[in-house]
Amino acid sequence: MTALATTSTTTAPVLPPLHIGRHVIESPVVLAPMAGITNRAFRRICREFGSEGLDAGGLSGASSLYVNEMVTSRALVERNELTMRLISHGPEERPRSVQLYSVDPVTAGQAARILVSEDRADHIDLNFGCPVPKVTRKGGGSAIPWKTELFRSIVASVVREADPYAVPVTVKMRVGIDDAHVTYLEAGRIAEGEGAAAVALHARTAAQAYSGQADWSAIARLKEAVTSVPVLGNGDIWSAEDALRMVAETGCDGVVVGRGCLGRPWLFTDLAAAFAGSDVRVRPDLRTVTDTLRRHAAYLVDFYEDEVKGCRDIRKHIAWYLKGFPAGSSVRNQLALVDSLQALDDLIRTMDLDAPWPGEAAEGQRGRAGSPRVVHLPEGWLDSQELTDVQRALVAQAELDVSGG
């Protein structure tokens, strides 16, 4: 059984529901797309845990918006097998949300047309925040907003295809390439002007990657600049209290949560409770955590239609789930090598499943922070905010290295 905090008080809701186009997101929280993480299995465990969690003024974590991991427009247009699997949704998922990566307005529009005309998505998010070198070195991801007309054209193309189907398009971006090349305010205004239904800001530059501290003051400035659609804040939300503080400091309309939910699908329940004005939080014991881990593994097996692949995938989640709990290094090492659900069951049975929530040891940062770095960009990329002919040809090939999802 899920363990809850022992005290409970409820005040007025902190935020109203989040409106993204025709969709009303009762708990104003969005799961950030994370490569290799936010597949159908992970989204399902987050949503189900929320449904089973707290009665937070009639809300639950299930009422948040769960976005799938990024897929490339080119791969979608080519109907790559992996990509088509990645955009699949369970029958319980509404709205169905897909994040697209693209560097080409034509391909982006074609991909959006597939999603909306074939009824594969109810919401499209556009990725302009990826800081991965293999993406930025060809002008993709967080490099794109620097080239303002390219950025504008991609947003406009996707909105144009999605609008007749009442599928809202949102934009996720970073503060800029580095401190000397800040793009978010202009990009936010462009996205708003081209019909985006919301903008989300990860309050770091691409050069920061996931290191250092997110600059929440940038979210506040974006909120002042973009006035007709919701502004969502992202970065360093490790707890419901962090989310409440972000809203108080920035005035944002909702939050986007990424690494903070790794191994902690109940965070969405905590967030729903917090925004409903309740201070009740989920505090699971080890039995609840391992039950959740086991169910997540089973969902991955179903997603891949392959037990070995599903069990290999769950390995990276194990340390996140067990953070702070008593589990010997031998058990942890063996868990990191599981190749079957039976092996996972056998190892879980060796643990002290009555161990209570460990408190602070289980809280805080999750995932790798890395360190600041020089952003890899095409030659001469920062010389002008307009594309040269050479850069245009390079950008046309930028999706090839990340084809297939």
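Tutor: We begin with a term: two strands pair if DSSP finds at least two bridges between them. Keep in mind that this is a predicted model.

Student: In which sense do β8 and strand β11 pair?

Tutor: Strand β11 covers residues 198-202, and five bridges link it with β8. One point of reference is T170, which stands opposite A198 in β11. The sense of the pairing is parallel.

Student: How many of the residues of strand β8 are buried?

Tutor: Buried means under 20% relative accessible area. In a regular strand the side chains alternate between the two faces of the sheet. On one side of β8, V169, V171 and M173 are buried, and on the other T170, K172 and R174 are buried too. Strand β8 is therefore largely enclosed by the rest of the structure, and the count of its buried residues is six of the six.

Student: Within what arc do the buried residues of α9 fall?

Tutor: In helix α9, residues 240-250, the buried residues are A240, D242, A243, M246, V247 and T250. They line one face of the helix, because seen down its axis they fall within an arc of 160 degrees.

Student: Which elements do the buried residues of α9 pack against?

Tutor: Just after α9, G251 has a positive phi of about 75 degrees. As for packing, the buried residues of α9 lie against α8, β12, β13 and α10.

Conventions. Residues are numbered from 1 along each chain as its sequence is written. This is a predicted model: local features need pLDDT of at least 70, side-chain atom pairs count only at pLDDT 80 or more; totals for chains, interfaces and linings use all residues. Side-chain values use heavy atoms; hydrogens and water are left out. Buried means under 20% relative accessible area, exposed over 50%, partly exposed in between (1.4 Å probe, protein chains only). Helices (H or I, at least four residues) and strands (E, at least two) are DSSP runs, numbered from the N terminus. The arc is that of the directions from the helix axis to the C-beta atoms. Contact means heavy atoms within 4.5 Å.
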